[in-house]
Amino acid sequence: MHFAFTDEQAMIAETVRGFFAEHATSARTRKAMAGDGVDRALWASFCTELGLSGVAILEDAGGAGLGLVELAIVAEAAGAQVAALPLLGHVMASQALAVGGGDRQVLGELIAGDTIAAYAHRADLSASGDTLNGTIEFVAHGGIADCFVVTTNDAAWLVAADAPGLTVTPLTTMDQTRPYARLTLNGVAGERLSDPAAAISAAHNAGFVVLAAEALGGAQACLDRTVGYSLERVQFGRPIGSFQAYKHRLADMMVEIEQARSAVYWAACAIDESSDEAALAVHAAKSFAADTFFRCAGDMIQLHGGIGFTWEHDAHLFFKRARAIQTLLGEGAWHREQIAAMVFGDAA
Amino acid sequence: MKLGFTPAEEDFRKEAADWLAGQMAGEFADIKGITKLTERPERRKEWEQQLAAHGWSCIGWPKEWGGRDASLAEQVIFAEEYARAGVPGRINHIGVELAGPTILTFGTDEQKAKFLPGIAAGTTIWCQGFSEPNAGSDLASVRTKARLDGDEWVVDGQKIWTSLAHVSDWIFVVTRSEEGSKGPKGLTFVMMDLAQPGIEVRGIKQINGDAEFNETFFDGARTAADNIIGAPGGGWKVAMGLLAFERGVSTLGQQMGFRNELDEIVAAAKANGAARDPLIRQRIAKAEIGLRLMRYGAMRMLSNTDHSRPDGAALTYKIQWASWRRALGELAMDVLGQTGEVTDGPAYEWGILPNLFLYSRADTIYGGTNQIQRNLIAERALGLPREPRGDL
């Protein structure tokens, strides 16, 4: 038992924090927001220079052969900058392809950054053999994806964005750093993955961890930036950070954030170690970290006063990202109900 | 980063679990499952001595002082198994977890030889004299006086909220030894035998009807001149060092007690149908999440061996568990409904869940209120300006 980063993990954390702080600037993110929601140059250097786009993919599948702990470290750093990157869909799709028997050439292109994938799930999508019909809503970064991993609860396919019968409709989305698209499938032929159960489980576990870790990084950034502001801003002849009402709210943010940090790395470790706590841990991490982020982002606006309500200030980037993370891959109440069912040994 | 334990550690877990289960099924079956700190003190003292006789009393201490030099992982495991076996809390927890480590860290060799064997053997029970009627959150404003009279310290004043003083043998007292001194300066950390005419202990009846806390009065109480830890006037540093021990391994044993309480609530909810209420289910899930995060938070704290700088995250632990447990008490009563508001028989005595509801109101007060904790987090972890001090 050693629940702290190894030296190697600490080094990765330092590297990725530096990378995103330097490159995922507010100006670049805002440029991406005004376009299609992706900073392509940043994604390219993430995949090629940093070489962490296959961080939790086995080496024999072309990845770095590390685990979800290292993936969480990456997502936490990206989340701290609200980076406009297709990370969520990329991770979920590449996990599915890697463990589900998917196309290794496509996987290689994803890791190299030559191809961008999105992940689209609908439990009751109509599938006749490998011919898919229906609509899938709210596909993160669906509008810019070159291909999709499409799943139901028991089957998974790889679908090219230009497949006949597929219409991709980008949606104007509150969080412009991760815009959604609607997929309309009219007799689309999918390329079936041979082990859908493994694909879906790996994709969802990785997705929960990525979102929880992004939320952790975002929440910490909200706290750090608000602490900085509170030491500079003077009212009544004092820095506002010296007022107890203000200090206590910041302290409460930290109490929640430290729990979220435990949650994220507990979940990542539990999956990496195949612990029997893993199922509970991912539901705990996703719901707790998302709620923590939302609370911290809301507090960030309140504690900045009027400036926090402006478009110019970055607070709204965090606030909108936090809201989106709360609902992506299941709302908090759904995750908590999964845990309640485990505790009570039933399914209500 | 690794959560699992090694096979050797799992062997240690089995050894500890087997021994504890054997005791709770055998010689000490009569104290199994007691949750109140004040219940059956004489048997609880015998239990302290039984632990010591089998080398389980202070496993993290050095071997030369009666410990096992147990690793962090082993201490974690023992604390978990201790609570899992339904063993009641340590009546000498203040001796084992606070006085002992303080003497080990700050005491002289003579003091170690004088005091540690009694703690390790479970024959000297300790309590803590910190708070006073006018020095609660503002601990540094203590007024209890100590003056050196020949080869003895003479202590006059009053302490309050002295847990377990009525069953203890010794007390450590933060005193003001320099007349006219203010705040953290001029304080001395004094150890005293409670069995003397100059000390009187009076119980304070609490909201649950129990009397675990006391007022302790000092009127010309005496102790030998060398029964102080640290230098005269240097007591604040020792007292603060002692408080840091409160965030140690014992927190994991405490959490297993919380686990038992949550399990009781889950069982009650299943029995009375509250388990079908979606709102109750959400709250149970939140409680479960909170308890797990407490465990892994403690694991992080214990895994952090970089003591060169303060561990900011560790400062969040007290408010976290205290707030969690107070909410758990409210959840318990909401699961029980009005059934929880009545008790069998004429005595004002409560079962585990109603007692949790009442007792947990103290959690967010003692050991530093939630408000003081927020000040500490804001000032020490976040670097915000300190609260201004008045001069009344």
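Two strands pair if DSSP finds at least two bridges between them, and in chain A strand E4 (residues 147-151) meets that condition with strand E5 (residues 156-160), the two running antiparallel and being joined by five bridges. This is a predicted model, in which local features need pLDDT of at least 70 and side-chain atom pairs count only at pLDDT 80 or more, while totals for chains, interfaces and linings use all residues. Residues are numbered from 1 along each chain as its sequence is written, and chains are lettered from A and ligands numbered from 1 in the order in which they are written. Helices (H or I, at least four residues) and strands (E, at least two) are DSSP runs, numbered from the N terminus.

**Overall form of chain A**

- Chain A has 11 helices and 10 strands, and its radius of gyration of 20 Å (taken over C-alpha atoms) is close to the 20 Å that the globule rule (2.2 Å times the number of residues to the power 0.38) gives for 348 residues, so chain A is as compact as a globular protein of that length.
- The C-alpha trace of chain A spans about 70 × 45 × 40 Å along its principal axes.
- Of the 348 residues of chain A, 55% count as buried, where a residue is buried if 20 or more other C-beta atoms lie within 10 Å of its own, exposed if 12 or fewer, and partly exposed in between, with C-beta atoms placed from the backbone.
- Among the contacts in chain A with a separation of 6 or more, 72% are accounted for by residues 24 or more positions apart, a contact being two residues whose C-beta atoms, placed from the backbone, lie within 7 Å.

**Sheet and strand pairing**

- An open sheet of four strands in chain A has the order E1-E4-E5-E8, with mixed pairing; strand E1 (117-121) and strand E8 (191-192) stand at its edges with a single partner strand each, so one side of each is left without a neighbour in the sheet.
- Within the pairing of E4(A) with E5(A), A:Thr151 stands opposite A:Ala156.
- Helix H5 (residues 87-99) of chain A lies across E1, E4 and E5 of chain A and runs at about 80 degrees to E1(A), with axes being lines fitted to C-alpha atoms, for helices over the stretch in contact, and angles running from 0 to 180 degrees between N-to-C directions.
- Strand E7 (residues 180-189) of chain A pairs in the antiparallel sense with E3(A) over eight bridges, and A:Ala140 stands opposite A:Tyr180 in E7(A).
- E7(A) also pairs in the antiparallel sense with strand E6 (residues 166-170) of chain A over five bridges, and the bridge partner of A:Thr167 in E7(A) is A:Thr184.
- In chain B, strand E2 (residues 145-149) and strand E3 (residues 152-160) pair in the antiparallel sense over five bridges, B:Arg147 having B:Val154 as its bridge partner in E3(B).
- E2(B) and E3(B) form a hairpin with two residues between them, and B:Gly150 in the turn has a positive phi of about 65 degrees.

- Leaving aside neighbours within four places in sequence, A:Val149 is in contact with residues including A:Met92, A:Leu97, A:Tyr119, A:Leu158 and A:Ala203.
- A:Ala72, in helix H4 (residues 68-80) of chain A, is buried, with 32 other C-beta atoms within 10 Å.
- A:Ala72 and A:Ala268 are 196 residues apart in sequence, yet their C-alpha atoms are 7.0 Å apart in space.

- A:Phe138, which is not a glycine, has a positive phi of about 55 degrees; its place is in strand E3 (residues 131-140) of chain A, and A:Phe138 is partly exposed, with 17 other C-beta atoms within 10 Å.
- A:Ser274, also not a glycine, has a positive phi of about 50 degrees; A:Ser274 is found in the loop between helix H8 (244-272) and helix H9 (278-304) of chain A and counts as exposed, with 8 C-beta neighbours inside 10 Å.

**Interface between chains A and B**

- In this interface, 39 residues of chain B are in contact with 41 residues of chain A, and H8(B) gives the most to the side of chain B that touches chain A, with 14 residues.
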